[in-house]
Amino acid sequence: MSTGELSRLQRTLGISLPSAEVAISPAWHNEQHVRLWVKRDDLIHPIISGNKWRKLGLALQQIMQQKPCQIISFGGGYSNHLHALAYCCQQLQLPLRCIVRGDYSKNMTPMLTDIQQWGAKIEFVDKLTYSKRNDEDYLNRIKQQFDNPVIIPEGGSQQQALHGSAEIINELQQSYDYIVTPVASGGTMAGLVHGIDLIAQVSSKILGIAVLKGQDYLEHLVKDLLPEAQNRSLSAQWQILHDYHCGGYAKKTPELISFCEDFYQDTHIKVEPVYSGKLFFALKQMIEQGYFPANSKILAIHTGGMQGNRN
Ligand SMILES: *Cc1c(COP(=O)(O)O)cnc(C)c1O
């Protein structure tokens with residue numbers, strides 16, 4: 001794979017990498033006992049959500065070399081992934097078909113409206129059909145129907161996605177004891193773990209904050225994405241925490257919502273309640289509870305997603 005071509009693609013789309021790495025000191029109890037930084041992947045592009053580019057970059061670069069007739073991908077009605085992908089496809093003149101869970105045809109979300117305006121086709125399917133999105137039979141049928149399309153799984157989380165998220169580790173300006181990221185479909189977390197393994201002198205522990213109820217399920221998603229060897233050797237280097245999802249995917253509590261507002265007041269960094277808000281809210285609670293040893297250096301990955309913060 002040629003990094004030169006990926007850089008060219010990033011320039012074409014106006015992606016600005018590496019992302020900034022900034023120190024913060026929010027007014028949290030016990031915050032003075034640790035040292036906190038944020039990797040601002042939320043700032044890499046005004047439309048393309050941070051970790052979605054990390055996951056899609058290499059796949060799109062490969063697609064550009066083969067010019068397929070059709071790209072097909074999956075997501076919910078508020079999907080940051082489909083939104084980012086649809087924008088990229090419009091810019092790169094690649095035909096995209098989005099398979100969306102649930103029928104939003106009469107109450108389109110702002111994301112779906114954007115996606116449609118950018119020229120992608122949307123197909124609404126019921127929950128049962130959507131649940132087959134990774135089944136071989138179902139995917140084979142789609143492949144026949146569309147003359148061998150490129151299929152990108154939900155969230156963009158596939159093997160090629162690891163390369164871009166691993167690049168986060170490559171960009172780091174200093175070493176950290178902990179790197180903390182939100183986890184939904186696991187691609188970002190798997191990429192960070194992969195990155196740690198590729199770069200021998202980095203020994204940070206990767207902590208994932210589950211944004212949905214998924215004990216064991218999320219661990220399996222991450223393991224399945226990791227190359228075999230790492231899958232076994234690195235199990236001690238990463239861990240997913242399940243106490244901070246606030247009731248499930250996209251569920252919000254009043255505490256979470258006021259936390260997001262306070263965090264912005266404190267740091268001037270915008271967060272939303274689905275991913276980054278839960279990440280920093282978890283960090284606040286962990287720091288208050290003394291989870292991290294004194295003087296730990298902690299890096300939080302702000303994965304972006306601000307486009308999702310509208311209704
Ligand atoms: C999709 C998304 C995530 C989840 O990343 P996974 O790789 O699916 O675990 C986290 N943050 C934001 C902003 C996202 O859009």
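Guide: First a term: on a 1 Å grid over the protein atoms alone, a pocket is an open set of points where a 1.4 Å probe fits, with protein on both sides within 12 Å along at least five of seven lines, and lining residues have an atom within 4 Å of a point. This is a predicted model, where local features need pLDDT of at least 70, side-chain atom pairs count only at pLDDT 80 or more, and totals for linings use all residues. Residues are numbered from 1 along each chain, and side-chain values use heavy atoms, without hydrogens and water.

Visitor: Which residues lie nearest the centre of the second largest pocket?
Guide: Leu6, Gln10, Leu17, Glu167 and Glu171, out of 15 lining residues.

Visitor: Which helices supply at least two residues of that lining?
Guide: α1 (3–13), α2 and α7 (159–171) do; helices are DSSP runs of H or I, at least four residues, and strands runs of E, at least two, numbered from the N terminus.

Visitor: And what gives the most to the lining of the largest pocket?
Guide: α9, with four residues. Among the 49 lining residues, Glu154, Ala184, Leu212, Tyr249 and Tyr275 are the closest to the centre of the largest pocket.

Visitor: New topic: which residues of α4 are buried?
Guide: Met111, Leu112, Asp114 and Ile115 in α4 (residues 110–117) are buried, that is, under 20% relative accessible area with a 1.4 Å probe, protein chains only.

Visitor: Why do they line one face?
Guide: Seen down the axis of α4, the buried residues fall within an arc of 155°, so they line one face of the helix. The arc is taken over the directions from the helix axis to the C-beta atoms.

Visitor: What covers them?
Guide: The cover includes α3, β4 (96–101) and β5 (121–125), with contact meaning heavy atoms within 4.5 Å.

Methods. Buried < 20%, exposed > 50% of the residue type's maximum accessible area, 1.4 Å probe, protein only.
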